[in-house]
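Open the model in your viewer and keep the sequence beside it. This tour moves from one selection to the next and says what is found at each stop.

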Amino acid sequence: MKSFGKILVLGLAFAAAMPAASAQKNRGYYKDVFMDSGILLTSRKDLPAARSLGLSMEAFISSYKSDSTALTCLDTILQTEKISGSTIDENGILLYPDGAPRFRVVYMNGGKAVNHAVTLGETGRNNYKAFIKAGGSYVGTCAGAFIACSATAKPEATEPKMSKVYMGLWPGCTTATAISKSETDMTITKNSPLLKYYDFGGNMNIENVYHNGGCYGNEIHIWPAGTEVLARYQVYDRKTKREVNGKAAIWALKENEYTGRVICCGSHPEGKVTGENFYLMRAMLEYAMEGNGAPRVKAALKDGESRLMDKMTHENAPEYTRIGDKQYHHYTYDVPKGCDSLVVKLESVKGWKNFDLYLYANSGDFAFSDNAWWRDVTLGVDKTLVIKAPKKGKLYISVFCDTTVEAEQTAYGEQYKGRLEVLNGVPYKITVNPQ
């Protein structure tokens with residue numbers, strides 16, 4: 001194994017070609033999906049629903065078993081470096097140097113919820129919270145649903161029990177179903193947003209969804225405003241220890257336009273490769289990604305004022321922090337009436353010329369590679385973009401970092417190599433001058 005100070009181990013990436021529609025949506029993220037198959041979660045290597053959608057994916061793959069022969073110190077070291085950060089990637093692989101989400105969505109597997117939450121540590125759990133707050137989305141099944149909540153309660157409890165280690169990505173309460181190694185049916189709720197993607201046979205019912213110690217969303221205790229119930233359990237023909245008929249089986253929350261969407265599912269549709277279970281998992285991923293946070297503007301640029309973006313993560317100045325791999329930084333400029341032309345200059349910082357940063361501009365809307373009216377995509381950092389006769393009003397300008405790491409598959413997922421320095425960001429300077 002190579003030095004941990006120089007290499008990060010990452011997850012399995014799928015080589016399937018990305019459809020055009022998916023590619024257009026993947027604006028400003030390193031990849032689409034990060035799968036947490038970490039310590040004491042199911043050691044899943046493949047997520048068929050993501051692969052079938054043409055989504056790019058990575059994962060951390062540890063061992064589910066808790067015996068000493070299955071888990072080693074290496075599992076802890078690698079998970080900590082990945083989620084909490086390391087010297088070559090200060091805030092971990094979920095976040096860009098400025099705290100923006102590096103993936104569109106995280107999927108967390110089932111397994112041993114409390115145990116995995118403990119192994120993430122406070123820093124790791126805080127990074128998950130920052131990921132959602134900054135606009136990344138989340139899908140958790142079974143243990144992944146438990147970990148996302150804030151509290152648990154038994155059916156007869158009058159008060160919920162707040163958890164010290166669950167993350168509160170969905171700040172509500174769950175209750176264990178007491179159903180193990182069995183199956184349940186689910187009824188898609190009327191007007192459920194999942195129906196935008198599939199009609200599930202037209203009868204609103206999904207049969208035989210695997211269930212093993214999962215939960216339901218407890219609508220009596222701590223039900224956050226804005227939570228949507230997407231599906232409910234249907235077990236009328238099965239004997240269960242606890243009453244779960246009609247309880248929330250899948251629920252979601254997006255707090256505002258800038259946060260990501262959190263989706264919790266008490267059962268296990270994720271392993272299926274066909275049928276309605278398979279399409280249920282696809283729909284959850286699609287709805288999660290549809291709920292990514294809106295782009296944010298770094299700053300309004302002023303005439304002739306150079307903005308130096310050279311801060312590191314630990315300096316806690318995200319508005320001046322370096323750009324990460326496959327990330328956009330967005331700016332605005334108020335074009336005055338009668339402006340003949342504008343010159344936008346992107347300049348490298350000493351010692352950081354050997355990177356590929358692209359420059360885009362658009363009138364009236366955020367500038368991306370697929371919609372920008374003006375662009376400079378020559379190699380290197382230094383760029384000069386001349387915009388003739390710009391329309392009066394708001395001009396959107398963006399910087400995009402095309403330089404990224406290489407990924408090599410290992411037993412724990414993928415290992416980053418190559419341009420590792422990009423993980424802590426590339427500094428640059430940007431200036432706008434009217435002519």
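Begin by selecting helix 3, whose buried residues are D75, L78, Q79, E81, K82, I83 and S84; here buried means under 20% relative accessible area, exposed over 50%, and partly exposed in between, with a 1.4 Å probe and protein chains only. The model is a predicted one, in which local features need pLDDT of at least 70 and side-chain atom pairs count only at pLDDT 80 or more, while totals for chains, interfaces and linings use all residues. Residues are numbered from 1 along each chain as its sequence is written, and side-chain values use heavy atoms, with hydrogens and water left out.

Helices (H or I, at least four residues) and strands (E, at least two) are DSSP runs numbered from the N terminus, and the expected span of a helix is 1.5 Å times one less than its number of residues.

Go next to helix 6, residues 275-290, where the 16 residues should span 22 Å at 1.5 Å a residue and the end C-alpha atoms are 23 Å apart, which agrees. Among the buried residues of helix 6 are F278, L280, M281, L285 and Y287.

Now turn to the salt bridges, each a side-chain nitrogen of Lys or Arg within 4 Å of a carboxyl oxygen of Asp or Glu; by this rule the count comes to 16. Select E414 and K31, which form a salt bridge with their closest N and O atoms 3.9 Å apart. This pair links distant parts of the chain, since E414 belongs to strand 24 (residues 413-417) and K31 to strand 2 (residues 31-37), 383 residues apart. Are E414 and K31 buried or exposed? Both E414 and K31 are buried.

Another salt bridge to select is that of R44 with E270, where the closest N and O atoms are 3.7 Å apart. R44 lies in the loop between strand 2 and helix 2 (48-52) and E270 in the loop between strand 14 (261-265) and helix 6, so the pair ties together parts that are 226 residues apart in sequence. E270 counts as buried, at 2% relative accessibility.

Then select E421 and R419, whose salt bridge has its closest N and O atoms 3.2 Å apart. E421 is partly exposed, with a relative accessible area of 34%, and R419 counts as partly exposed at 24%. Salt bridges that share partners also join K31, E58 and E414 into one network.

For the next stop, show strand 23 (residues 406-410) with strand 24: they run antiparallel and are joined by 5 bridges, two strands being paired if DSSP finds at least two bridges between them. E406 stands opposite K417 in strand 24, and a hairpin of 2 residues connects strand 23 to strand 24.

End at the open sheet of 4 strands, which has the order 16-25-18-21 with antiparallel pairing. Strand 16 (307-309) and strand 21 (383-388) stand at the edges with a single partner strand each, so one side of each is left without a neighbour in the sheet. Strand 16 pairs with strand 25 (residues 428-434) in the antiparallel sense over 3 bridges, and the bridge partner of M309 in strand 25 is Y428.
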